[in-house]
Structure formats: structure tokens, C-alpha cells
Amino acid sequence: MLQNGDLAPDFALPDAEGKTVTLNGLKAPYKVVYFYPKDNTSGCTTEARSFSDLKDAFDAAGAEVIGISPDSVKSHANFRDKHGLRVTLVSDQEKAAIEAFGVWVEKKMYGRAYMGVERATFLIGPDGKILKSWGKVKVPGHAAAVLDAVREAAGAS
């Protein structure tokens, strides 16, 4: 997984409308990129709703939030519409960004090993470097903690 100080790799991925989103094309000075395993699962839904609920605060702090999973564009559109999500969701079916950020990892469940997306979040500064990274994210309170980190970074710049 990428660490603080690493340059965040750019990506070009389709959003829920099929429009290409690039990391370097985002206008906000701060970018929050969070990776999650699957649309419409309980933890991922809670996380997406938490970021969506705080969207206005992230905007005010100068940060844009992007959620990335390997689900399809259509899945993202359904997920967004079903839950009234306000953050941008992008599809990484080829796992290019997922692998570039180092969050395609071996997981274990019920003694079985398999490959999957580690729930992780990256705060990227105006210079394109990772200011803070969170791995193996626990969802409760996470979006608020990320917002606090954005405010701290924005206040220090």
C-alpha cells in the first residue's frame, strides 16, 4: 500500500455516468480517494453514505471525495441512486488504480484465502503527494476522521 509522502498515481476511470475521471483532473486542492470492496454491501454502503453526508463539509474544506471499487459503471449508478450518494464513484474493473495504490491484497475469510480490495483511504495534497493514508479501515467514524485530517492539512497550508 502506498504510504505518506508517496506520489499518488494518476488514473483515468469511468464514473457512474460513464464519464472519465482523472485524479489530476480534479479541481479541488485536496483529494480523498477511498477504495472499497463492493457496492451495496453493508460496510461499503455505510462508508459511502458517511462520505456523502459530509460532502458539503469536504467541499468547504477544499477536498473532493472519490470512491473506487472494481464494480461496473452500471452497478455504481444503481448504488448511487439507491442510497442517494453524493460522492463520485468510479469503476476500476481492470484494477489498475487498485493495484497502483497497493490495495489489491490477499484476504482470508473462514480459513480461505482470496484476492480482494482492502478498504483504504488516501488524502492527497495539492502537490499530488499522499498526506495521510488509512489501511484496513474500520467504517464507524472514518469519514469524520478523514474530514478532520483534510481540515488540519488545509489549515497548515
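**S69, a buried residue of strand β4.** With a relative accessible area of 0%, S69 is buried (buried means under 20% relative accessible area, exposed over 50%, and partly exposed in between, using a 1.4 Å probe and protein chains only). This is a predicted model, in which local features need pLDDT of at least 70 and side-chain atom pairs count only at pLDDT 80 or more, while totals for chains, interfaces and linings use all residues. Residues are numbered from 1 along each chain as its sequence is written, and side-chain values use heavy atoms, leaving out hydrogens and water. S69 belongs to strand β4; here helices (H or I, at least four residues) and strands (E, at least two) are DSSP runs, numbered from the N terminus. The side chain of S69 makes a polar contact with that of D71 at 2.9 Å. A polar contact is a pair of N or O atoms within 3.5 Å; within protein, one must be able to donate a hydrogen and the other to accept it, and residues adjacent in sequence count only if both atoms are side-chain atoms. Not counting residues up to four places away in sequence, S69 also touches Y36, P37, D39, H76, V90, S91, D92 and I98, where contact means heavy atoms within 4.5 Å.

**C44, a residue with a UniProt annotation.** An unreviewed UniProt entry carries the annotation "active site" for C44. UniProt positions are given in the numbering used here, with feature names shortened, and annotations may be inferred rather than shown by experiment. Look for C44 in helix α1, which spans residues 42–53. C44 is buried, at a relative accessible area of 1%. Leaving aside neighbours within four places in sequence, the contacts of C44 are Y36, P37, K38, F79 and R119.

**Helix α3 and its buried side.** Helix α3 covers residues 73–83, and its buried residues are H76, A77, F79 and H83. An α-helix has 3.6 residues a turn, so residues three or four places apart point the same way. What covers the buried residues of α3 includes α1, β4 and β5 (88–91). On the face turned away from this buried side, you will find the exposed residues K74, D81 and K82. After α3 comes G84, with a positive phi near 60 degrees.

**The largest nonpolar core, with 24 residues.** A nonpolar core is a set of buried Ala, Val, Leu, Ile, Met, Phe, Trp, Tyr and Cys residues joined through side-chain atoms within 4.5 Å. In this one, V32, Y34, F51, F58, L123 and V150 touch the most other members. At least two residues come from each of β3 (30–35), α1, α2 (55–61), β4 (63–69) and α5 (142–156). Helix α5 gives the largest share, 6 residues. Among the contacts of V32, beyond its neighbours within four places in sequence, are F51, F58, L123 and V150. A second, separate core has 21 residues, including F11, L26, A97 and V117.

**Y34 and F51, a stacked ring pair.** A pair of aromatic rings is described by the distance of the centres and the angle of the planes. Rings of Phe, Tyr and Trp (its six-membered ring) pair if their centres lie within 6.5 Å; planes under 30 degrees apart count as stacked, over 60 as edge-to-face and the rest as tilted. By this rule the model has 7 aromatic pairs. The rings of Y34 and F51 have centres 4.6 Å apart and planes at 20 degrees, so this pair is stacked. Y34 sits in strand β3 and F51 in helix α1, so the pair ties together parts that are 17 residues apart in sequence. Both Y34 and F51 are buried. Ring pairs also link Y34, Y36, F51, F58 and F79 into a cluster.

**N40 and K136, two loop residues with positive phi.** Most residues other than glycine have a negative phi. N40, which is not a glycine, has a positive phi of about 65 degrees. N40 lies in the loop between β3 and α1 and is partly exposed, at 35% relative accessible area. K136 has a positive phi near 45 degrees. The loop between β9 (130–134) and α5 holds K136, which counts as exposed at 63% relative accessibility.

Conventions
Arc of directions from axis to C-beta.
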